[in-house]
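The stops below are meant to be selected one after another.

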Amino acid sequence: AIDRGEAVAVWGDFDADGQTATALLVEALLAAGADAFFHVPGRDEGHGVHRDGVQRLVQRGARVIVTVDTGVTAHRALAYASELGATPIVTDHHVPGSDLPAAAYAVVNPHRLPPGHSLAHLTGVGVAHALARALAPRAADGALDLVALGTVADVGTLLDDNRYLVQRGLQALRDTTRPGLLALYQAADLAPHGIDEDHIGFVLGPRLNALGRLADATAGVELLTTTDVLRARILATEVEGLNARRQWLTKQVMDAALAQIERDPAL
């Protein structure tokens, strides 16, 4: 597809794992010379691949649609993509159903590996990274900050290759030059050199997840990939506001639940 100049669309997901996977694969595709763009569905659309979104991607010119962190059970939507003339490729880490999507040109999923394989615990961004290593190794190696961010935020099991990738990715997060991550650090009052897995799990990950839960996760992918320092600061400020709102809503729900228990201890 790259050799023929065909447009490649990446279909992502709106959590932190999906956002980092989308950003990583788009960067790798561009580095490999692809005409690439992405789509992340809104929460109103829900998780997974949807026919309407597929139709829009094909109308934009997509000849190949690659999913990240989703798609392994999207039989109907992928069949529809094929009917429209696009080639679907699935990269996902969720458990497949009894059958793999018949319309998919390929299904890249660690659950298809032999038991005990060192790649068995990959999250969505880990699978995207594995594909990126085949397409554009240098770009993949430069995206280990995204791998660590998405893996820990998705509570990936830190064994075997996952552990190794996160170890390298934590150092990459400390040394990152991505304007979006640096703006996010500044907004969250984090010192880059001291970032560890707790900061991903309780500071950075929740901020990216707030985008998907309360706004549009497309901004998260843009934040992770932009080279514009000013745009990065604007997006990071937006993320801070959404995260503050998420915390307030969470507190309201918790307070209401505790009040119910106080009124009726049997609960």
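The model is a predicted one. Begin with the sheet: select its 5 strands, which form an open sheet in the order β2-β1-β3-β4-β5 with parallel pairing. At its edges are β2 (35-39) and β5 (106-108), each of which pairs on one side only. On average, and with direction ignored, neighbouring strands of this sheet are turned by 20 degrees against each other.

Within the sheet, select residues 7-11 (β1) and 62-68 (β3), two strands that pair in the parallel sense over 5 bridges.

Next, select helix α1 (residues 16-31) together with helix α10 (residues 218-225); their axes lie 9 Å apart and the packing angle is about 50 degrees. The two helices are therefore oblique to each other, and α1 passes α10 in a right-handed crossing. Show the side chains where they meet: Gln19, Thr20, Thr22, Ala23 and Glu27 from α1, and Gly220, Val221, Leu224 and Thr225 from α10. By class, this contact of α1 with α10 has 5 polar, 3 nonpolar and 1 charged residues.

Finally, select helix α6 (residues 144-153) and helix α9 (residues 197-214), whose axes come within 9 Å and cross at roughly 85 degrees. An angle of 65 to 115 degrees counts as roughly perpendicular, so α6 and α9 are roughly perpendicular to each other. On α6, display Ala148, Leu149, Val152 and Ala153; on α9, display Glu197, Ile200, Gly201, Leu204, Gly205 and Leu208, which complete the contact. Here the contact of α6 with α9 has 7 nonpolar, 2 polar and 1 charged residues.

Definitions and conventions: Residues are numbered from 1 along each chain as its sequence is written. This is a predicted model: local features need pLDDT of at least 70, side-chain atom pairs count only at pLDDT 80 or more; totals for chains, interfaces and linings use all residues. Side-chain values use heavy atoms; hydrogens and water are left out. Axes are lines fitted to C-alpha atoms, for helices over the stretch in contact, and angles run from 0 to 180 degrees between N-to-C directions. Helices (H or I, at least four residues) and strands (E, at least two) are DSSP runs, numbered from the N terminus. Angles under 35 degrees count as roughly parallel, over 145 as roughly antiparallel, 65 to 115 as roughly perpendicular and the rest as oblique. Contact means heavy atoms within 4.5 Å. Ala, Val, Leu, Ile, Met, Phe, Trp, Tyr, Cys and Pro count as nonpolar, Asp, Glu, Lys and Arg as charged, and the others, Gly among them, as polar. Two strands pair if DSSP finds at least two bridges between them. A crossing is left-handed if the near helix is turned anticlockwise from the far one by less than a right angle, and right-handed if clockwise.
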